[in-house]
Amino acid sequence: MSCKFLSKEDRDAIVAAIKEAELNTSGEIRVHVEPKCGADALERAVYVFNRLKMYRTTARNGVLVYVAYESRRFCIIGDKGINDLVAPDFWDDVRKVMGDSFANADFAGGIIAAIRMTGEKLKSFFPYTDDDVNEQPDDISFG
């Protein structure tokens, strides 16, 4: 898939970060990138989350990192299984790291940092088990 926002090397590094992060947790992490977000970023992220059927995990522990690069909007959301266990500000530090990286035009770095932080955060709530099955694709989705 062609994407002027992320180089092939960036995309490969993001997918590698997803695979690495998921070694720590049974949680499922996905990244969705699109140029524009005409609505609120959270509303759009929820729509994309549902369109990607990310609720189809046994523990309802999917996480979506959503980025609309031309609109300069981004969001990170978790499914019901995560939200039932964590504080409402659970994702705030991840959003801050992403925002700081994006402000310095380090888009891939911000996404990768968010993925790594997410894997670490989920580890205590949803630890990796030997019988873990990868329930969601690790590839980046594009809109």
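This is a predicted model: local features need pLDDT of at least 70, side-chain atom pairs count only at pLDDT 80 or more; totals for chains, interfaces and linings use all residues.
User: Is Val48 buried or exposed?
Analyst: Val48 is found in helix α2. Leaving aside neighbours within four places in sequence, Val48 is in contact with His32, Leu64 and Tyr66. The cut-off for buried is under 20% relative accessible area. Val48 has 0%, so the residue is buried.

User: How far apart in space are Val48 and Ala103, C-alpha to C-alpha?
Analyst: Val48 sits in helix α2. In sequence, Val48 and Ala103 are 55 residues apart. In space, the C-alpha to C-alpha distance between Val48 and Ala103 is 24 Å.

User: Which strands are the edge strands of the sheet?
Analyst: Four strands form an open sheet with mixed pairing, in the order β3-β2-β1-β4. An edge strand here pairs on one side only. That applies to residues 73–78 and to residues 141–142, which are β3 and β4.

User: In β3, which residue is the bridge partner of Leu64?
Analyst: Strand β2 covers residues 62–68. Strands β2 and β3 pair in the antiparallel sense, over six bridges. Within β3, the bridge partner of Leu64 is Ile77.

User: At about what angle to β1 does helix α5 run?
Analyst: Helix α5 spans residues 107–123. This helix lies across β1 (28–34), β2 and β3. Relative to β1, helix α5 runs at about 155°.

User: Which element gives the largest share of the largest nonpolar core?
Analyst: The largest nonpolar core has 30 residues, and Ile14, Val31, Val67 and Ile115 have the most contacts inside it. The elements giving two or more residues to this core are α1 (8–21), β1, β2, α4 (92–103) and α5. The largest share, six residues, comes from α5.

User: How many residues are in the other core, the one with Ala45 and Phe49?
Analyst: This core lies apart from the largest nonpolar core, which has 30 residues. Among its members are Ala45, Phe49, Ala68 and Cys75. Its residue count is 12.

User: Which residues does Val67 touch, not counting those up to four places away in sequence?
Analyst: Val67 is one of the residues with the most contacts inside the largest nonpolar core. With residues up to four places away in sequence left out, Val67 touches Phe5, His32, Val33, Glu34, Arg73, Phe74, Met98, Phe102 and Ile111.

User: Which residue meets Glu34 in a salt bridge?
Analyst: Glu34 is in strand β1, and its partner is in helix α2 (residues 41–51), 10 residues apart. The N to O distance is 2.7 Å, and the partner is Arg44.

User: How many residues apart are Lys36 and Glu70?
Analyst: The side chains of Lys36 and Glu70 meet in a salt bridge, 3.5 Å from N to O. Lys36 counts as exposed at 57% relative accessibility, and Glu70 counts as partly exposed at 39%. Lys36 is in the loop between β1 and α2 and Glu70 in the loop between β2 and β3; their separation is 34 residues.

User: What is the N to O distance in the salt bridge of Lys80 and Asp84?
Analyst: The structure holds nine salt bridges. In this pair, Lys80 is partly exposed, with a relative accessible area of 46%, and Asp84 counts as exposed at 54%. The side chains of Lys80 and Asp84 meet with an N to O distance of 2.7 Å.

Technical notes. Residues are numbered from 1 along each chain as its sequence is written. Side-chain values use heavy atoms; hydrogens and water are left out. Two strands pair if DSSP finds at least two bridges between them. Contact means heavy atoms within 4.5 Å. Axes are lines fitted to C-alpha atoms, for helices over the stretch in contact, and angles run from 0 to 180 degrees between N-to-C directions. A nonpolar core is a set of buried Ala, Val, Leu, Ile, Met, Phe, Trp, Tyr and Cys residues joined through side-chain atoms within 4.5 Å. Buried means under 20% relative accessible area, exposed over 50%, partly exposed in between (1.4 Å probe, protein chains only). A salt bridge is a side-chain nitrogen of Lys or Arg within 4 Å of a carboxyl oxygen of Asp or Glu.
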